[in-house]
Every structure is written in C-alpha cells, then in structure tokens.
Amino acid sequence: MVWQAITKAAADPYFPPPLDIAGRAGDLWFSPSSLTGDILPSLGVLLGGWLIAAVLGIVLGTALGRAGKAMDYAGALLAFARSVPPPLLVPVFMVMFSLGPQTELITIVTGAIWPVLLNAVDGARSVDATKTDTARAFRISKPQWIFGVVLPAASPKIFAGLRLSLSIALILMVLSELVGTSNGIGYQLANAQGYSDLAGMWAWIVLIGALGFLLNRVLMIVQRRSLAWHGGHFA
C-alpha cells in the first residue's frame, strides 16, 4: 500500500500508518464496552434527533408552504433562528436540560431541522396548478390532499433536505458529545486526543466517516425506492 509505505517512511506521529489505525480500530470498535457504551448510544441519539428533526421539519414546512403568505411573516424569524450556530447553544441547553442525551437530542434537532423544513416549504409550494385545480374539482378531503398530492409532489425536495440534514445531525452528534458527557463517539474521540492516542483518535474519525457514508447510502436506497414513480435519477 502506497499510504502505508509513505506514512512508515515519514514517521510522523500525527499520521500513524493505516495498519496501526486498523488494528486500533478493531480493538475499539468491536470491544463490548465500546460497542454498547459508546457506539450504540451515539447511534441512538443521532437517529433519534434526526428523526425528530425530520418529522418536525416536514410538518412545519408543509404547513408553512401551503399557508399562503405565512412565510412572509415567519420568514424573518426562521432566518434569524437558522443563523444561530447550534454548537453555540450547547452551554444554554446544558443549563436548561442538564447533562445527558436530552441535551444531545435538542442540539441535533436545532441544527438538523432547517434543511428539511426549508425544502419542505419549497416543495409544498411547487405543487402543480393542474393538480390543485383537479383536487378542488373532485373536492377531496384535506388529509387526502396533503398525503395524496402535496407530500408526493414535495418528496424529491424533502429527501434532498433529509440527506443534508443527516450529515448535519452526524456532525452535531459528535460536537454535543465533546463536552459534558462521559460516553459516546465524540467523548472517546476527545479522550483519545487528550491521552495522545493518535491511532485511536484516527480510528474514531474513520468510524465517523464510515457511519456517515453508510447512513447516506441507506437513505439513498430508501429515496430511490420511494421515488421510483418519479422517474428521476438520484445520486
């Protein structure tokens, strides 16, 4: 391996050889204590926060997108709330909700909701006028209108927001675990850095990247199957 040879020759302590990282990763990732005490809890918080953000974003975004001039009044408030970086609010959340998964969840939701919400607004607004007129002509009920017309029409943009939101949720999960926690992937990453365990630090970084890749691929598969009727191609 070229990477292995270069790192061996350079002998830079900050960039351990890949085989050293792989060996350390095997020890850390598959250790029962790390798996049940750090990796699975982090995944639970990540997916829980992302799902809450997704549901809230879709519901609020669809409502705002179909509520006429609602965005004219709420747009400035949403723009202000969106401009506040969620990591800056972590100390506030720690005071309000105390230490624990609840602080991590609210941090993830606060940052991950925006791509879903804004894409849902845009998607709900883009419903074809012909579909709107047809629905009125047949006098379909409100639930049928939302679930049978609006959400299917908005779903390509909603899925685009979900994919971006998932990446943000992963970043915020790690950041929220760097302070005020005693377990989790972010905590172990900071712990490895503090003890100068550079191979361990890179092992956790690789795990974060691998989780991001795998979760994104799973969501892409769901997207392709859900939007097969749309006839588009999704990268």
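**Figure 1. Salt bridge between Asp197 and Arg24.** Asp197 and Arg24 form a salt bridge in which the closest N and O atoms are 2.8 Å apart. The pair links distant parts of the chain, 173 residues apart: Asp197 lies in the loop between helix H9 (185-194) and H10, and Arg24 lies in helix H2 (residues 18-29). A salt bridge is here a side-chain nitrogen of Lys or Arg within 4 Å of a carboxyl oxygen of Asp or Glu. Helices (H or I, at least four residues) and strands (E, at least two) are DSSP runs, numbered from the N terminus. Arg24 counts as partly exposed because its relative accessible area is 27%; buried means under 20% relative accessible area, exposed over 50%, and partly exposed in between (1.4 Å probe, protein chains only). The model is predicted, so local features need pLDDT of at least 70 and side-chain atom pairs count only at pLDDT 80 or more, while totals for chains, interfaces and linings use all residues. Residues are numbered from 1 along each chain as its sequence is written, and side-chain values use heavy atoms, with hydrogens and water left out.

**Figure 2. Salt bridge between Lys157 and Asp122.** A search of the whole structure finds two salt bridges. Lys157 forms one with Asp122, and the closest N and O atoms are 3.1 Å apart. This pair also links distant parts of the chain, with Lys157 in helix H8 and Asp122 in helix H6 (residues 101-125), 35 residues apart. Lys157 is partly exposed, with a relative accessible area of 32%. Asp122 counts as partly exposed too, at 41% relative accessibility.

**Figure 3. Overview of the helices.** The secondary structure of the protein comes to ten helices and zero strands. From the N terminus on, the elements run α-α-α-α-α-α-α-α-α-α. The C-alpha trace spans about 70 × 45 × 30 Å along its principal axes. Of the 235 residues, 39% count as buried.

**Figure 4. The largest cavity and its lining.** The structure holds one cavity of 30 Å³ or more, and about 50 Å³ of space lies in the largest cavity. Its lining consists of Met94, Leu99, Gly100, Thr103, Glu104, Ser176, Val179, Gly180 and Thr181. By class, three of these residues are nonpolar, five polar and one charged. Ala, Val, Leu, Ile, Met, Phe, Trp, Tyr, Cys and Pro count as nonpolar, Asp, Glu, Lys and Arg as charged, and the others, Gly among them, as polar. A cavity is a set of points, on a 1 Å grid over the protein atoms alone, where a 1.4 Å probe fits but cannot get out; lining residues have an atom within 4 Å of a point. Grid points are joined across faces, edges and corners, and a volume is the space filled by probe spheres set on the points.

**Figure 5. Nonpolar surface patch around Leu175.** Ile171, Leu175, Leu178 and Val179 make a nonpolar surface patch of about 320 Å². Leu175 is placed in helix H8 (residues 142-176). At 35% relative accessibility, Leu175 counts as partly exposed. Patches are made of residues with over 30% relative accessible area and no salt bridge; nonpolar side chains (Val, Leu, Ile, Met, Phe, Trp, Tyr) are joined within 5 Å, and like charges within 9 Å. Accessible areas come from the Shrake-Rupley method with a 1.4 Å probe, and for residues only the protein chains shown count as cover.

**Figure 6. Backbone at Ser196.** Ser196 is found in the loop between H9 and H10. Phi of Ser196 is near 55 degrees, a positive value in a residue other than glycine. Most residues other than glycine have a negative phi. Ser196 counts as exposed because its relative accessibility is 58%.

Figure 7. Trp50 lies in helix H3 (residues 32-65) and is buried, with a relative accessible area of 11%. The C-alpha atoms of Trp50 and Thr110 are separated by 9.9 Å, and the two residues are 60 residues apart along the chain. Phe147 is found in helix H8 and counts as exposed at 63% relative accessibility. Between the C-alpha atoms of Phe147 and Ala199, 52 residues apart along the chain, the separation is 50 Å.

**Figure 8. Arg217 and Arg163.** Arg217 is found in helix H10 (residues 198-226). Its relative accessible area is 37%, so Arg217 is partly exposed. Arg217 and Arg163 are 54 residues apart in sequence and 9.6 Å apart in space, C-alpha to C-alpha.

How values were computed:
On a 1 Å grid over the protein atoms alone, a cavity is a set of points where a 1.4 Å probe fits but cannot get out, and a pocket is an open set with protein on both sides within 12 Å along at least five of seven lines; lining residues have an atom within 4 Å of a point.
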